[in-house]
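Please inspect the sequence and the structure before working through each solution.

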Amino acid sequence: MFERRSSLRRRVYYGGRLAFQARTATIDCVVRNLSAEGAQIEFDNPAAVPDRMELVIARQSIAYLGRIVWRRQNRAGLRLDAPRRQPSELPLDLALRIRATERVNVQLRARLAQLRSEF
């Protein structure tokens, strides 16, 4: 079999997260192998993942912008851009917590408005 990769990938088993749609949607994944230029990932719903996304590996404190170059069943191969160790954007886990807190805030404001209208 002809090897088309320019750098050798090492086998890993990292928990990862794919973020897309301006970080409003995420899917958990498992990173199976990794190099500076690419990765193989495994996830539950390959149809839900767009061709361009961000791969976040919390264990390594690293994030990559990437695109899918192949898909097979529940696996995909990614072509990765240069890693970002300290992204200028808000960290993904913090963005998710903020989004959850904002939803609770909206619910509490609605309840408060309802209680005020009863008096």
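**Exercise 1.** Is Gly66 buried or exposed?

*Solution.* The model is predicted, so local features need pLDDT of at least 70 and side-chain atom pairs count only at pLDDT 80 or more, while totals for chains, interfaces and linings use all residues. Residues are numbered from 1 along each chain as its sequence is written, and side-chain values use heavy atoms, with hydrogens and water left out.

Step 1. Gly66 has a relative accessible area of 1%. Buried means under 20%, exposed over 50%, and partly exposed in between (1.4 Å probe, protein chains only). Gly66 is therefore buried.

Step 2. Gly66 lies in strand 5 (residues 62-72); strands are DSSP runs of E, at least two residues, numbered from the N terminus.

Step 3. Beyond four places in sequence, Gly66 touches Asp51, Arg52, Met53, Arg79 and Leu80, contact meaning heavy atoms within 4.5 Å.

**Exercise 2.** Identify the salt-bridge partner of Glu42 and locate both residues.

*Solution.* Step 1. A salt bridge is a side-chain nitrogen of Lys or Arg within 4 Å of a carboxyl oxygen of Asp or Glu. Glu42 pairs with Arg75, the closest N and O atoms being 2.9 Å apart.

Step 1. This pair links distant parts of the chain: Glu42 is in strand 3 (residues 38-42) and Arg75 in strand 6 (residues 75-80), 33 residues apart.

Step 2. Glu42 is buried at 19% relative accessible area, whereas Arg75 is partly exposed at 29%.

Step 3. Shared partners join Arg32, Glu42 and Arg75 into one network of salt bridges.

Technical notes: Helix = DSSP H or I, 4+ residues; strand = E, 2+ residues; numbered from the N terminus.
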